[in-house]
Amino acid sequence: MFVMLQRIENQLRRGENVDKYMIKDFEFSQKFKNTIHTKPPDIRGQNSLLGKARRFPRIIITGMQKCGTGALKDAMTRSPYLAWSSQGETHFFDRANNYNQGYQAYLDMQPEVSPEVIVFDKTPSLMTDSTIPARVKAYDPDVKIISILCEPTHRTLSHYLHAKAMMTKQEMEDQNRHFNQARKSLYNSDNFEEVIESAIDEIFAQDEFVRNAVLDMKNEFRAHQATRAAFYRYVANPANFEQMQKLPVQLIQRGLYGYYLNQWYDLFPKENILILSSADMSRKPAQTLATVQEFLGVPKAVDPRNFFWNNETGHYCVMGPEDDEPHCGNAKNKNRSSNFEINPRTKIILNRIYQSVYQDLVDLVGNQLFSEWGYN
Ligand SMILES: Nc1ncnc2c1ncn2[C@@H]1O[C@H](COP(=O)(O)OS(=O)(=O)O)[C@@H](OP(=O)(O)O)[C@H]1O
């Protein structure tokens, strides 16, 4: 580990980009080498059983958390050729208590369906966990992977509101105890801005220059390279893994789309990965579903007739022939991020960070899909 960090340090000193591939290999080998089931399940045998049977997923929606994975799942399950686990998000690959039970436990989580139906797993925390790509590859190297991405600055707010709504008082107290004693009231306050700044203190604790540059509102921000390198150095360091799984760091860390997607592209063929835009899913759901169905090679059963505009949510609802009423997300949820504004300073801070790493995403998916984020 020390040698690796020193190599990263040397690269930085020479003004070079940190080699992201080196970081990934390192991350993987250090933390997770002993926790992969190397013998794959008999997916073909199980999935070709006649009649109704539990079938292994051949599609995994890996994320991104708070980017419309629920809407995508609702639309996909309107197709008679696609089904997802009746248990909801399986968390098979990312929770030790599930993964360690082996593939039979994964199969037990799946719905009983006919052979022509393809089962998918949607667990939005998979995309940004470095353990997972190798585990999924060991499970099925031919699996199809879908990730839907949204503008990362806004995603932090959506994630924060969601986390706060889910946290019990006890959990908030535990988080406060674990994180940043100086800000004891972090999770009892509604102060998103303060939470973001405490994450920045943690992420750039070893890089004061970057921290100051990111927070400096007086001077033009020019520290893109240094910010990218410092951030990658932080997420590559196993000493930070535990902190990264928690708030508040998680809020920012999960927006490193390019960095994490690279780990999937390294292990799976490009044609097995589909990256979608959350904005497209919101504005053009039928078109997005056409793309999904084509990618999966299933008949086009979900089309414009399945979608109905809903003023209350600002999104389309979806309805299939089997449904009594449309699925409209959680219209009553007061915690929706569209009801809140990020203050301008915090927005600038987050944009600076995400702008610094945007090119890594463009290198993978081109500069069209997410150009409206304005990070070019
Ligand atoms: N139809 C449609 N299309 C695209 N995007 C949509 C759609 N409906 C909701 N949203 C957005 O999705 C956010 C919730 O994302 P997820 O479903 O991935 O959340 S979760 O990770 O499963 O909790 C949700 O975030 P919040 O508004 O903060 O709740 C919305 O920004």
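**Notes on the model**

1. Between residues 181 and 185 the pLDDT remains under 50, and the model has three contacts for this stretch beyond four places in sequence. The model is a predicted one, and where pLDDT is low, the predicted coordinates should not be read in detail.

2. For the protein, the mean pLDDT is 88, with 84% of residues reaching 70 or more. Residues 1–6 are another stretch with pLDDT below 50, and they have four contacts in the model beyond near neighbours in sequence. For the complex, the predictor reports an ipTM of 0.98 together with a pTM of 0.88.

3. How is the protein divided? The domain assignment gives domain 1, made of 43–150 + 262–318, and domain 2, made of 154–260 + 337–373. Taken over C-alpha atoms, the centres of domain 1 and domain 2 are separated by 27 Å.

4. The contact between the two domains takes 15 residues from domain 1 and 19 residues from domain 2. On the side of domain 1 that touches domain 2, helix 15 (257–267) and strand 7 (273–277) are the elements giving two or more residues. Helix 15 has the largest share of that side, with three residues. By class, this side of domain 1 holds eight nonpolar residues, six polar and one charged.

5. Which residues are closest to the ligand? They are G68, G70, A71, S158 and S337, out of 20 residues that surround the ligand. Both domains take part, as domain 1 and domain 2 each give at least three residues to the shell around the ligand. At least two residues of the shell come from each of helix 4 (69–76), helix 8 (152–166), helix 16 (278–283) and strand 9 (315–318). The shell has twelve polar residues, six nonpolar and two charged.

6. The axes of helix 8 and helix 18 come within 8 Å and cross at roughly 120°, so the two helices are oblique to each other. From helix 8 the contact uses P152, T153 and T156, and from helix 18 it uses K347, L350, N351 and Y354. The residues of this contact comprise three nonpolar, three polar and one charged.

7. Helix 18 (residues 344–365) has a further partner in helix 12 (residues 224–236), where the axes come within 8 Å and cross at roughly 85°. Helix 12 is therefore roughly perpendicular to helix 18. H224, T227, R228 and F231 make the contact on the helix 12 side, and R352, I353, Q355, S356 and V357 make it on the helix 18 side. Sorted by class, the residues in the contact of helix 12 with helix 18 are four polar, three nonpolar and two charged.

8. What is the phi of K66? The value is near 70°, which is positive in a residue other than glycine.

9. Where is another cis peptide bond to check? The bond from L247 to P248 is cis, and omega is near 0° there. P248 sits in the loop between helix 13 (241–244) and helix 14 (249–253).

Notes: Residues are numbered from 1 along each chain as its sequence is written. This is a predicted model: local features need pLDDT of at least 70, side-chain atom pairs count only at pLDDT 80 or more; totals for chains, interfaces and linings use all residues. A residue is near a molecule or strand if its C-beta atom, placed from the backbone, lies within 6 Å of it. Helices (H or I, at least four residues) and strands (E, at least two) are DSSP runs, numbered from the N terminus. Ala, Val, Leu, Ile, Met, Phe, Trp, Tyr, Cys and Pro count as nonpolar, Asp, Glu, Lys and Arg as charged, and the others, Gly among them, as polar. Domain bounds come from an automatic or database domain assignment. Axes are lines fitted to C-alpha atoms, for helices over the stretch in contact, and angles run from 0 to 180 degrees between N-to-C directions. Angles under 35 degrees count as roughly parallel, over 145 as roughly antiparallel, 65 to 115 as roughly perpendicular and the rest as oblique. Two residues are in contact if their C-beta atoms, placed from the backbone, lie within 7 Å. pLDDT is the predictor's confidence in each residue, from 0 to 100.
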